[in-house]
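Here are my notes on the model, as numbered points. Please read them with the structure open.

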Amino acid sequence: MQIPVLTLTLLSSLFTLPVSASTENKASLGTRHLKSSAVEFFTYDGFGQYQRDNLWYTQVARVGDRIEISGQGGWDPKTGALKQDLEEIDQAFENVELTLRIAGGKGWSQVFKVITYVQSPYFANETYMIHVVENMKKWLPDVQPLWTAVGVTDLGAGLVADMKIEVEVVAYIGDKH
Ligand SMILES: *[C@@H]1O[C@H](CO)[C@@H](O)[C@H](O)[C@H]1NC(C)=O
């Protein structure tokens with residue numbers, strides 16, 4: 001289940017990049033990374049590493065006392081297989097926890113801002129959105145965070161088939177006192 005979540009057309013266009021072009025990209029990215037050394041990037045093994053290699057993006061960045069993440073879908077972080085129905089929501093929230101910890105954070109307990117992107121048929125579905133709120137209560141029992149809830153027509157640019165939700169957060173990892 002590692003490859004099928006990505007469309008074959010996309011894969012073939014990625015893999016036909018001229019070698020020289022991709023080498024240049026790597027070199028210039030490396031330089032930029034050194035110039036902004038205050039930003040550290042992390043990703044998880046399995047599907048995170050797969051996305052980094054093939055789609056050229058990273059799951060999480062640490063900037064000073066803040067951690068920001070790429071939108072987390074309800075995919076198995078090892079294989080990329082999407083969970084079904086409401087479990088897709090649960091898995092997306094679990095992936096946020098994993099992602100924050102990989103960047104050296106403590107997970108959801110340090111989150112103060114949440115953005116959810118939900119595919120439009122489900123955005124208007126009360127059962128679905130109540131389950132999103134239940135996950136917020138589960139992972140943030142002591143805090144009512146900032147939340148922007150966005151309904152969208154498509155997610156993941158069609159790269160992961162039929163994704164219904166992505167969760168993006170910002171965490172503050174500095175000391176309280
Ligand atoms: C609302 O979402 C739930 C959970 O995914 C689903 O079982 C139900 O069929 C949906 N209702 C409608 C009207 O689409």
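1. Ligand shell. Asp 85, Leu 86, Asn 125, Thr 127 and Tyr 128 are the residues around the ligand (near means a C-beta atom, placed from the backbone, within 6 Å of the molecule). By class, this shell has two nonpolar, two polar and one charged residues. Here Ala, Val, Leu, Ile, Met, Phe, Trp, Tyr, Cys and Pro count as nonpolar, Asp, Glu, Lys and Arg as charged, and the others, Gly among them, as polar.

2. Basis. The model is predicted; local features need pLDDT of at least 70, side-chain atom pairs count only at pLDDT 80 or more, and totals for chains, interfaces and linings use all residues. Residue numbers start from 1 along each chain as its sequence is written.

3. Asp 85. One shell residue deserves a second look. Asp 85 is in the loop between β3 and α4. Its phi is positive, about 50 degrees, although Asp 85 is not a glycine. Is Asp 85 buried or exposed? Asp 85 counts as exposed because it has 11 C-beta neighbours inside 10 Å. The cut-offs: buried means 20 or more other C-beta atoms within 10 Å of the residue's own, exposed means 12 or fewer, and partly exposed lies in between, with C-beta atoms placed from the backbone.

4. Trp 56. Here is another positive phi in a residue other than glycine: Trp 56 is near 65 degrees. Trp 56 sits in the loop between α3 (47-55) and β2 (60-63). Trp 56 counts as exposed because its C-beta neighbours inside 10 Å number 12.

5. Overall layout. The chain has six helices and six strands (DSSP runs numbered from the N terminus: helices are H or I of at least four residues, strands E of at least two). From the N terminus the order is α-α-β-α-β-β-α-β-α-α-β-β. Of the 177 residues in the chain, 27% are buried. Among contacts with a separation of 6 or more, 72% join residues 24 or more positions apart. Two residues are in contact if their C-beta atoms, placed from the backbone, lie within 7 Å.

6. Nonpolar core. The largest nonpolar core has 26 residues (a set of buried Ala, Val, Leu, Ile, Met, Phe, Trp, Tyr and Cys residues joined through C-beta atoms within 7 Å). Val 96, Leu 100, Ile 165, Val 167 and Val 169 have the most contacts inside this core. At least two core residues come from each of β3 (66-69), α4 (86-102), β4 (111-119), α6 (126-139) and β6 (165-172). The largest share, five residues, is supplied by α4.

7. Which residues does Val 96 touch, leaving aside neighbours within four places in sequence? Val 96 is in contact with Ile 69, Gln 72, Trp 108, Val 167 and Val 169. Ile 165 is in strand β6. Ile 165 is buried because 26 other C-beta atoms lie within 10 Å. Beyond four places in sequence, the contacts of Ile 165 are Gly 73, Gly 74, Glu 88, Ile 89, Ala 92, Thr 116, Tyr 117 and Val 118. Ile 165 and Val 118 are 47 residues apart in sequence, yet their C-alpha atoms are 4.5 Å apart in space.

8. Helix pair. α4 and α6 pack at about 30 degrees, with axes 10 Å apart. Axes are lines fitted to C-alpha atoms, for helices over the stretch in contact, and angles run from 0 to 180 degrees between N-to-C directions. Leu 86, Ile 89, Asp 90, Phe 93 and Glu 97 in α4 meet His 131, Val 132, Asn 135 and Trp 139 in α6. These residues divide into five nonpolar, two polar and two charged.

9. Two exposed positions. Lys 138 lies in helix α6. Lys 138 counts as exposed because it has 11 C-beta neighbours inside 10 Å. From Lys 138 to Trp 108 is 30 residues in sequence and 9.8 Å in space, C-alpha to C-alpha. Gly 174 belongs to the segment after β6. Gly 174 is exposed because it has 9 other C-beta atoms within 10 Å.
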